[in-house]
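Open the model in your viewer and keep the selection tool at hand. The tour moves from stop to stop, with something to pick at each one.

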Amino acid sequence: MKENPIFTLKARHRILSFKGIIVILSLFNVALFVISLGIGRYSISPSLILNALAIKLFHIGGAVGSTINTVIFDIRLPRVIAALLIGASLSESGAAYQGIFDNPLVSPFTLGLSSGAGFGAGLAILIGGNELVIQLFAFVFAVISVILSIVIGREKNESNSVTLVLAGFIVSSFFTSLISFLKYYADPYTKLPSIVFWLMGSLSNITMKNILINGLIMIVAIIMLYFLRWKLNILSLGDEETRLLGENPKKLKYFIIFLSTLLTSLSVSLSGVIGWVGLVVPHIGRMLIGPNFRKLLPVTILAGSFYLLLIDDVSRVISASEVPIGILTALIGTPIFIYIMWRGKYKW
Amino acid sequence: MIRVENLAFAYNGTEIFKNLSIEVNEGEIFTILGPNGSGKTTLLKCIERILIPKSGNISIYGKDIKDYSIKELGRIISSVPQQHRITFSYTVLDIVLMGRNPYLDFFSLPSERDVQIAMKALEEVGIAHLKASPYTEISGGELRLTLIARVLAQETPVVILDEPTAFLDFKNEFLILNKIRELKTKKGLTIIMTLHDPNLAMRFSDRILMLTRGKILAIGTPDEVLTSENLKSLYEIETEKMESEGKSYFYPKSPS
């Protein structure tokens with residue numbers, strides 16, 4: 001009987017119940033949502049924000065100045081929504097990926113997605129594409145990189161997770177060198193900084209317009225993946241037992257990869273490469289509630305949206321000029337990951 | 001009910017068996033005996049359609065298993081695998097509930113009715129009190145019972161058990177086989193299992209298949225098949241048949 005020690009982290013001192021964690025995380029999200037609309041160069045008090053929201057949504061309460069309305073609804077709201085959605089998407093896909101690959105070091109970027117997206121965005125910048133073209137290219141090449149990894153890593157008889165991870169590594173390296181190639185040929189005064197900045201990830205350019213389509217598809221995909229949480233549990237018993245329980249493991253895996261890829265590609269096309277979220281947050285979720293996907297997925301979704309919104313807030317207020325969020329997620333993510341690794345060491 | 005015709009199977013060119021034909025009748029306990037590497041598990045996995053044979057046919061209810069979808073097959077055959085990979089600390093009830101999967105739509109979760117069926121299965125094998133325990137922390141015997149409960153929750157007419165007594169102590173192997181026979185009688189299940197102990201096979205089987213290097217050595221009722229000669233060709237060991245109070249059993253002789 002093989003035991004994967006990674007996933008048997010015991011529920012030591014688990015003080016909170018599942019429902020308790022869900023309620024608390026939801027409240028955290030709501031509170032941070034309101035606070036996030038207020039903080040920044042132009043500071044707005046929470047009561048004023050609630051007032052503005054009440055007028056906008058229910059047409060009740062006192063009038064609010066137009067500057068405040070612009071700052072809240074045109075500048076900050078799209079960004080806050082994007083942070084919530086992208087955080088949830090990356091984290092949920094990360095949890096699903098770690099589950100189907102049976103590997104705790106896997107993230108949504110394992111199949112070369114971020115490098116593919118980076119190359120697509122870089123290419124679009126180089127040919128002078130606008131915001132929308134960059135978004136489209138990033139999305140398309142993100143999807144292409146995953147398809148390439150699957151084609152290369154596919155084994156004749158069984159879908160072997162290790163070869164798939166290896167194929168992802170190869171594809172990722174391939175696109176990384178293509179990115180270097182683009183950087184080398186890009187105009188160092190105009191194009192190169194844009195490419196570098198895109199690769200560091202940022203939520204600063206998000207508008208309501210470009211989040212609308214992505215956001216809607218993301219919500220649908222988040223919900224679909226959420227409803228597969230029970231199937232993810234079955235899949236964790238291995239391909240043979242999944243079959244014995246009347247489910248096609250290959251089909252199921254590819255469908256979950258499809259949904260995760262969709263979520264991650266849409267996220268990355270909006271924000272650039274934001275690393276470490278999809279790797280770290282599922283582990284935080286597992287620490288909070290354990291590895292049963294039925295509970296892990298909802299906790300991971302809520303923890304992920306909160307986590308990314310919090311980091312984006314930090315990136316906005318930490319200095320006069322913004323720090324790219326991709327740098328912060330890595331800077332904050334690594335120590336958290338080390339902590340999880342050490343804390344769980346006795347069980348790894 | 002289950003007909004295996006001219007089955008041939010090879011792992012990367014190594015032939016496990018060929019021209020194997022057997023038939024399993026409805027409502028019987030069909031036990032496969034054979035030394036390690038004789039092809040028992042391979043045969044079971046072919047019937048489960050986890051392994052695809054090189055040639056030959058397997059049919060259930062007169063229909064080739066190729067023509068069943070995975071989901072349909074999941075409603076006909078359920079199985080307690082020899083090796084169960086323990087991953088997450090699911091509760092015992094969670095594991096048994098997974099047996100309801102062939103009846104669920106792609107995006108749905110088990111309903112209240114599925115929970116009731118799973119609970120009934122737990123009661124039938126007598127471990128309802130363990131329902132909330134993490135199944136990573138129960139004993140080997142309880143784990144087998146959990147997997148048997150899962151098979152019951154799957155509500156299939158055919159149940160396959162690959163070495164249901166593996167890793168079990170003296171008492172538990174007896175209890176499990178007793179439970180299997182009881183459930184077979186009560187529900188009219190068709191059971192195919194592999195065992196290592198001829199004495200347990202004698203006691204709990206309706207028919208026995210002796211398999212050695214992919215060939216059928218003998219097939220028939222325990223009385224017909226279990227002889228010292230057959231056991232010698234099967235396991236290459238001398239045995240002595242003992243009889244007591246109308247029951248017989250085999251005792252291996254020390255090598256001389």
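Select B:Met210 and B:Ala218: the bridge partner of B:Met210 in β10(B) is B:Ala218. The model is predicted, so treat each stop as a feature of a prediction. Now widen the selection to strand β9 (residues 207-212) of chain B and to β10(B). They run antiparallel, joined by 5 bridges.

β6(B) and β7(B) run parallel and are joined by 4 bridges. Select B:Ile77 to see one pairing: its bridge partner in β7(B) is B:Val158.

In a regular strand, side chains alternate between the two faces of the sheet. Which residues of strand β6 (residues 77-80) of chain B lie on each side? B:Ile77 and B:Ser79 are on one side, B:Ser78 and B:Val80 on the other. All four are buried, so both faces of the strand are covered.

**A buried glutamine**

Select B:Gln154. You are in the loop between α5 (140-153) and β7 (158-162) of chain B. Is B:Gln154 buried or exposed? Its relative accessible area is 1%, so B:Gln154 is buried.

Now show what surrounds B:Gln154, leaving aside neighbours within four places in sequence. From chain B, its contacts include B:Gly74, B:Ile77, B:Ser78, B:Gly99, B:Pro102 and B:Tyr103. From chain A, they include A:Leu244 and A:Leu245. B:Ile77 and B:Ser78 are the β6(B) residues you have already visited.

Select B:Glu236, in the loop between α9 (228-235) and β11 of chain B. Most residues other than glycine have a negative phi. B:Glu236 has a positive phi, near 55 degrees. Its relative accessibility is 64%, so B:Glu236 counts as exposed.

Move on to strand β11 (residues 239-244) and strand β12 (residues 247-252) of chain B. They run antiparallel, joined by 6 bridges. Within the pair, B:Glu243 has B:Ser248 of β12(B) as its bridge partner. The two strands form a hairpin with 2 residues between them. Pick B:Glu245 in the turn: its phi is positive, about 50 degrees.

**The four-stranded sheet of chain B**

Select β2, β1, β4 and β5 of chain B. These 4 strands form an open sheet in the order β2-β1-β4-β5, with antiparallel pairing. β2 (14-24) and β5 (63-64) stand at the edges with a single partner strand each, so one side of each is left without a neighbour in the sheet.

Strand β4 (residues 55-60) of chain B and β5(B) pair over 2 bridges, in the antiparallel sense. Click B:Ser59 and B:Asp64: B:Asp64 is the bridge partner of B:Ser59 in β5(B).

**Helix pairs in chain A**

Switch to chain A. Select helix α1 (residues 18-38) and helix α13 (residues 293-317). They pack at an angle of about 25 degrees, with their axes 10 Å apart. They are therefore roughly parallel to each other. Their crossing is left-handed. The contact includes A:Phe18, A:Leu25 and A:Phe33 of α1(A), and A:Val299, A:Phe306 and A:Arg316 of α13(A). By class, its residues are 14 nonpolar, 4 polar and 4 charged.

Next, select helix α4 (residues 113-126) and helix α6 (residues 161-185) of chain A. Here the angle is about 20 degrees and the axes are 8 Å apart. α4(A) and α6(A) are therefore roughly parallel. Their crossing is left-handed. Among the contact residues are A:Gly116, A:Gly118 and A:Gly122 of α4(A), and A:Ser172, A:Phe175 and A:Ile179 of α6(A). This contact has 7 nonpolar, 6 polar and no charged residues.

**Last stop**

Finish at A:Trp276, in the loop between α11 (249-271) and α12 (277-289) of chain A. Its phi is near 75 degrees, a positive value in a residue other than glycine. At 31% relative accessibility, A:Trp276 counts as partly exposed.

Conventions
Residues are numbered from 1 along each chain as its sequence is written. Chains are lettered from A and ligands numbered from 1 in the order in which they are written. This is a predicted model: local features need pLDDT of at least 70, side-chain atom pairs count only at pLDDT 80 or more; totals for chains, interfaces and linings use all residues. Side-chain values use heavy atoms; hydrogens and water are left out. Two strands pair if DSSP finds at least two bridges between them. Axes are lines fitted to C-alpha atoms, for helices over the stretch in contact, and angles run from 0 to 180 degrees between N-to-C directions. Angles under 35 degrees count as roughly parallel, over 145 as roughly antiparallel, 65 to 115 as roughly perpendicular and the rest as oblique. A crossing is left-handed if the near helix is turned anticlockwise from the far one by less than a right angle, and right-handed if clockwise. Contact means heavy atoms within 4.5 Å. Ala, Val, Leu, Ile, Met, Phe, Trp, Tyr, Cys and Pro count as nonpolar, Asp, Glu, Lys and Arg as charged, and the others, Gly among them, as polar. Buried means under 20% relative accessible area, exposed over 50%, partly exposed in between (1.4 Å probe, protein chains only).
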